[in-house]
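Let's take a friendly walk through this fold. Have the sequence and the 3D view ready, and follow along one piece at a time.

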Amino acid sequence: MDPSVDAGRLRADLEANAAFGRVEHDDPEKRGRTNRTGSEANAAARDRLVERLMAAGLDVAVDEVGNVLGTWIPDSADSAAAPVVSGSHLDSVLDGGIFDGPLGVYAALEAVRAMRDAGVEPARPVGVVSFTEEEGATFGDGLLGSSVATGVTDADAALARESEAGETLGEALDRIGYRGDDAIDPATWAAFYELHVEQDTVLEETGADVGVVTTITGITHCEATIEGEANHAGATAMGDRTDALAAASEFVLDVEAAANRVVDESSASAVGTVGSLSVSPNATNVVPGRVDAGVDVRDVEAESVDAIVAAARESLARLERERGVETSFERPFDVAPTAMSDRLRGVAHAAADAADRVALDLHSGAAHDAMRVARVTDAALLFAPSRDGVSHSPREWTDWADCAAATEVLAGAIARVAVDGE
């Protein structure tokens, strides 16, 4: 029931994938990659994954937005039964790490190979999935492939999204040969597991081998605009100014203060960030006339997110009264907190116990494809430790032994659900 993974085979897959879009650094501690959807590196990574899936005896399907699914149907399985599926994504941010995404994809494949090698006889098929454009680095806000697969986003609308270069997702997928016509529908899956690097330090600090996620944080992105009056920096008296950047500075601090209040009063996991500012005309000798600010608010409690967003609106209203600026505020991206399946979490803990691995319950502060899949079927998210919590960086690192340990738990969990129908 509890298959043993081949740590060397898993490492070889991850290192081979890391070569696609490799970014060279002088620092040996840095291993970066840029693997953006539709790039040559992305095409090569997809090609290798398909080859590895087929070599392991999986049937491969590609849907219209480039999601890739490999399915193992052993002789023991009812081919019509709902499959157990696991996976993540292959794309990356600019100069990102080598584990974020690919660990989940290749750990899922290694789980299938380990089950096959151990003679496990599943009663249902087992799948390995790689979702398109999870990071959102080229064509959107992220979770794009899983959003289409689960009906959150219309496929035609997704295919029409444009990169900064003006190419649509559909055109990019056509160019690299990954605009398929197969159906990939997570609503038909019996269960979904995703393994990911933690991107935090909880596992590292506690010495746990694997994290079992209770809830994936909700995420809201807001866009604030503050308009003042551009004027000469030398000829405009201080009392005659309507400085948009000075007002925006107060807004940044107000958002920070609101997040800190929520942390102190109700939810320690809440965060609020003003992560981008666009200043116009952005000249040293001109009083800033306009600032566009990007706000990111997250928590596992929807009420906390709403409280910080409300405080941001109140801040802008105050700035209009006190500083004479004009403001606007929009909330274009909103993903609710998502609880993971209690059933699948229990199975993961059982698999960890059987493998003599320490499993720890914790929440996820980042979004993952599992939160989209959880809308339509049972889903669970597992974490492997991250060194110093660094991610989206060439300094991202998870020791090979930690990759194997977490994959062992993943394989045990998949085997339990696939064999026993738990």
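## Two helices side by side

The axes of helix 2 (residues 40-55) and helix 3 (residues 102-117) come within 11 Å and cross at roughly 10°. Axes here are lines fitted to C-alpha atoms, for helices over the stretch in contact, and angles run from 0 to 180 degrees between N-to-C directions. Helices (H or I, at least four residues) and strands (E, at least two) are DSSP runs, numbered from the N terminus. Helix 2 and helix 3 are therefore roughly parallel to each other (a label for angles under 35 degrees).

Which residues of helix 2 meet helix 3? They are R48, L49, R52 and L53, and their partners in helix 3 are V105, Y106, L109 and R113; contact means heavy atoms within 4.5 Å.

## About the model

This is a predicted model, in which local features need pLDDT of at least 70 and side-chain atom pairs count only at pLDDT 80 or more, while totals for chains, interfaces and linings use all residues. Residues are numbered from 1 along each chain as its sequence is written, and side-chain values use heavy atoms, leaving out hydrogens and water.

Now find the four strands that form an open sheet, in the order 11-13-9-14 with antiparallel pairing. Two strands pair if DSSP finds at least two bridges between them. At the edges are strand 11 (271-280) and strand 14 (326-335), each pairing on one side only. Strand 9 (residues 218-227) and strand 14 share eight bridges, and E223 stands opposite E330 in strand 14.

## Helices on the sheet

Helix 9 (residues 302-323) lies across strand 9, strand 11, strand 13 and strand 14, and runs at about 170° to strand 14.

Conventions:
Angles under 35 degrees count as roughly parallel, over 145 as roughly antiparallel, 65 to 115 as roughly perpendicular and the rest as oblique.
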